[in-house]
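Subject: Structure handover

Hello,

Here is the structure I promised you. Please open it and keep it beside this email while you read.

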Amino acid sequence: MYFVKVYVMYKESVLDPQGEAVKGAVHRMGYQEIDEIRIGKYFEMKVAKSERPVEAMIEEVCDKLLANPNMESYRYEITEEA
């Protein structure tokens, strides 16, 4: 069994309106030192071992469903569970 963490973020060149809204709220709270906030998505998966390589499977899922490759980038961490 594998435990997978996937992090999806907007690419640097893409405007993040949710992040800008949160940054505005943080500034109104008095935290002017915070220059940038980016909003992303986080997924956790448990994946059973199979003949397919887990990395290839996770990349397919990310490319086809979890991330929009035109606007977002992703990274993942895979750990093997006992």
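A definition to begin with: contact means heavy atoms within 4.5 Å. With that in hand, look at helix α2. Its buried residues pack against β1, β2 and β3. Please keep in mind that this is a predicted model.

**The sheet**

Strands of a sheet pair through backbone hydrogen bonds, either parallel or antiparallel. Here there is an open sheet of 3 strands. The order is β2-β1-β3, and the pairing is antiparallel. The edge strands are β2, residues 40-47, and β3, residues 72-80. Each of these two pairs on one side only. On average, neighbouring strands are turned by 15 degrees against each other, with direction ignored.

Now take the two pairings in turn. Strand β1 covers residues 2-10 and pairs with β3 over 9 bridges. Valine 4 has isoleucine 78 as its bridge partner in β3. Methionine 9 stands opposite serine 73, also in β3. The pairing of β1 with β2 has 8 bridges. There, lysine 5 stands opposite glutamate 44 in β2.

**The helices**

An α-helix has 3.6 residues a turn, so residues three or four places apart point the same way. Keep this in mind for both helices.

Start with helix α1, residues 17-28. This helix has 12 residues and reaches 17 Å from its first C-alpha to its last. That is close to the 16 Å expected at 1.5 Å a residue. Which residues of α1 are buried? They are Gly19, Lys23, Gly24 and Val26. They cover an arc of only 165 degrees around the axis, which puts them on the same side of α1. Pro17, Gln18 and Arg28 are exposed on the other side. After α1 comes glycine 30, with a positive phi near 105 degrees.

Next is helix α2, residues 54-66. It lies across β1, β2 and β3, and runs at about 150 degrees to β3. Helix α2 has 13 residues, but its end C-alpha atoms are only 16 Å apart. A straight helix would reach 18 Å at 1.5 Å a residue, so α2 falls short of that. Its buried residues are Val54, Met57, Ile58, Cys62 and Leu66.

**The core**

In soluble globular proteins, nonpolar side chains tend to be buried together. The largest nonpolar core of this model has 12 residues in all. Among them are Tyr2, Val4, Val6, Val8, Met45, Val47 and Ala67. Which elements give two or more residues to this core? They are β1, β2 and α2. Helix α2 gives the most, with 5 residues.

Tyrosine 2 is in contact with Met45, Lys46, Val47, Lys49, Val54, Ile78, Thr79 and Glu80. Methionine 45 is found in strand β2. Methionine 45 touches Tyr2, Phe3, Val4, Val6, Ile58 and Leu66. Its C-alpha atom is separated by 27 Å from that of valine 14, 31 residues apart along the chain.

**Two more residues to look at**

Methionine 9 and isoleucine 34 are 25 residues apart in sequence and 19 Å apart in space, C-alpha to C-alpha.

Tyrosine 7 is found in strand β1 too. Its relative accessible area is 23%, so tyrosine 7 is also partly exposed. Tyrosine 7 touches Lys41, Tyr42, Ser73, Tyr74, Arg75 and Glu77, again not counting residues up to four places away. Tyrosine 7 and glycine 40 are 33 residues apart in sequence, yet 7.2 Å apart in space, C-alpha to C-alpha.

Best wishes

Notes:
Residues numbered from 1 in each chain as written. Predicted model: local features only at pLDDT ≥ 70, side-chain atom pairs only at ≥ 80, totals over all residues. Heavy atoms only, no water. Pairing = 2+ DSSP bridges. Helix = DSSP H or I, 4+ residues; strand = E, 2+ residues; numbered from the N terminus. Axes fitted to C-alpha atoms, helices over the stretch in contact; angles between N-to-C directions. Buried < 20%, exposed > 50% of the residue type's maximum accessible area, 1.4 Å probe, protein only. Arc of directions from axis to C-beta. Core = buried A, V, L, I, M, F, W, Y, C linked by side-chain atoms within 4.5 Å.
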